[in-house]
Amino acid sequence: MSKTTKPSGNGPSTGNQSGVAPGTNRKVIALAIAGAFGGFLFGFDSSVINGAVEAIKGQFGLTEAITGFAVASALLGAATGAFLGGRLADRFGRIPVMLVGAIVFFASSVGSGLAFGVVDLIVWRVLGGVGIGLASVVAPAYIAEISPRQMRGRLGSLQQLAITIGIFAALLSDAVFATTAGGASEIFWWGLEAWRWMFLVSAIPALIYGVIALLLPESPRYLVLHDKEPKAREVLAKVWPNGDVDREIRDMKKSIDEDLKAKRTGTLRGPVFGLKPIVWIGITLSVFQQFVGINVIFYYSTTLWSAVGFEESSSLAISVATSVTNILVTLVAIALVDRIGRRPILLTGSIGMTVSLATMAIAFSQSVMTDGELALPGAWGPIALVAANVFVISFGASWGPVVWVLLGEIFPNTIRAKALGLAAAAQWIANFLITVTFPPMAALSLPLTYGMYALFAGLSFLFVLTKVPETNGMSLDEANTLLPPKNAAKKAAQKNTARA
């Protein structure tokens with residue numbers, strides 16, 4: 001974009017190469033980071049159970065099926081929270097929904113840590129899942145609505161980065177508690193087992209999230225939509241101080257008027273099984289993101305590596321190392337998503353996941369029983385570890401962050417929050433199905449389990465190749481065109497540049 005070009009749509013009018021002044025960059029980045037903290041809770045709360053699985057199973061005498069349900073129960077709440085989150089965010093605003101999420105996160109942390117049986121543990125985990133679901137919808141919507149188009153992909157990726165950091169923090173705290181106490185089942189502070197403290201410590205980030213939500217400004221799009229233009233102007237002036245506020249408000253009003261007209265024809269409804277094609281694309285992206293089995297690594301990795309011969313302390317260390325790898329490759333994705341586009345990154349990731357998962361299936365097919373315990377002989381243990389980390393790298397650099405970016409971009413403004421809620425709910429249901437079925441499937445056959453995940457990874461490549469639009473370079477309003485042909489996004493952006 002030339003130095004004198006003024007981008008249309010959501011981008012502010014400035015006089016530098018990026019289209020956003022440095023001061024604006026800092027303000028928007030700070031708000032996006034704060035908004036993405038919900039992703040940290042998302043990752044922390046969903047993964048903290050990793051180090052506690054075996055201890056909970058032993059203390060409450062659970063079967064494989066009940067263990068799987070106890071781990072996956074939070075995901076049922078997450079699906080509910082995600083489904084309701086879009087509607088609540090549209091009606092009451094993004095910030096109030098963030099506050100509700102913080103409250104239920106806090107309650108779930110305390111309740112799970114003090115659970116006296118598997119039933120109330122599941123109840124508290126479901127409640128925490130509601131908070132996860134709310135955060136999974138509100139954070140990407142909020143970030144997309146306060147970000148200029150030139151930065152939206154990178155800032156949208158902060159949601160996934162925050163999730164990966166939350167996963168790392170959860171697994172690290174699990175390792176610290178288990179190692180310090182001498183095991184997750186051992187007594188730690190105040191007569192409580194270490195696994196209970198793994199949950200109780202989650203209350204700290206929940207409190208931080210609540211404070212952050214109180215300090216954030218409301219989304220300017222939401223404010224304009226609800227006839228609060230003076231407040232929207234105030235927010236825009238602070239967030240984009242060098243932008244053309246009048247132009248931004250005018251563009252938002254025009255977009256909202258078009259949305260209201262579109263709403264009369266039926267919101268999410270469409271000709272394909274009752275929904276618009278773009279909604280199905282969002283749902284399918286969400287489902288594939290989970291059906292490749294990524295959360296098996298983050299929910300069950302300690303149990304998985306223990307099952308094939310590693311000590312508990314070594315298994316926890318492997319899990320922490322894997323989560324660090326996840327953070328690093330997410331940073332790579334953030335650096336590339338606005339440079340090379342969404343589709344190329346997803347396609348490359350699908351190839352890497354397919355190969356690594358197939359390798360894991362082959363490695364686990366070589367497992368043998370040694371002294372009554374499962375083990376991977378010879379080089380197969382290291383091969384499985386390397387393949388697992390290649391899988392995490394492939395996912396973390398592609399499907400992890402980029403799906404969230406696309407979900408924040410591909411839906412028309414009129415249905416964005418609701419469609420995000422539906423897509424996120426589908427994601428949590430898919431996550432639940434994978435999580436709840438892993439223990440019994442792993443007990444039946446690890447090669448079959450990972451072979452199935454490899455199949456879904458291969459199918460994800462075909463889906464992106466044939467169905468997913470490229471949104472790189474488009475404003476949120478331009479994304480309303482839906483399902484553009486290949487390279488249409490960049491052509492649209494170039495066309496608008498020429499008109500400016």
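Predicted model: local features only at pLDDT ≥ 70, side-chain atom pairs only at ≥ 80, totals over all residues.
A residue counts as buried if its relative accessible area is under 20%, as exposed if over 50%, and as partly exposed in between, using a 1.4 Å probe and protein chains only.

View 1. Residues are numbered from 1 along each chain as its sequence is written, and side-chain values use heavy atoms, leaving out hydrogens and water. You'll find 21 helices and three strands here (DSSP runs numbered from the N terminus: H or I of at least four residues for helices, E of at least two for strands).

**View 2. Helix H18, tucked away.** H18 covers residues 399-409, and eleven of its eleven residues are buried, so the rest of the structure largely encloses this helix. Among the buried ones are Trp399, Trp404 and Glu409.

**View 3. Helices H13 and H20 side by side.** The axes of H13 (residues 277-291) and H20 (residues 446-467) come within 9 Å and cross at roughly 155°. Axes are lines fitted to C-alpha atoms, for helices over the stretch in contact, and angles run from 0 to 180 degrees between N-to-C directions. H13 and H20 are therefore roughly antiparallel (angles over 145 degrees).

**View 4. Who touches whom between H13 and H20.** On H13, the contact (heavy atoms within 4.5 Å) is made by Ile281, Thr284, Leu285, Phe288 and Phe291. H20 brings in Tyr453, Phe456, Leu459, Ser460, Phe463 and Lys467.

Definitions and conventions. Parallel < 35°, antiparallel > 145°, perpendicular 65-115°, else oblique.
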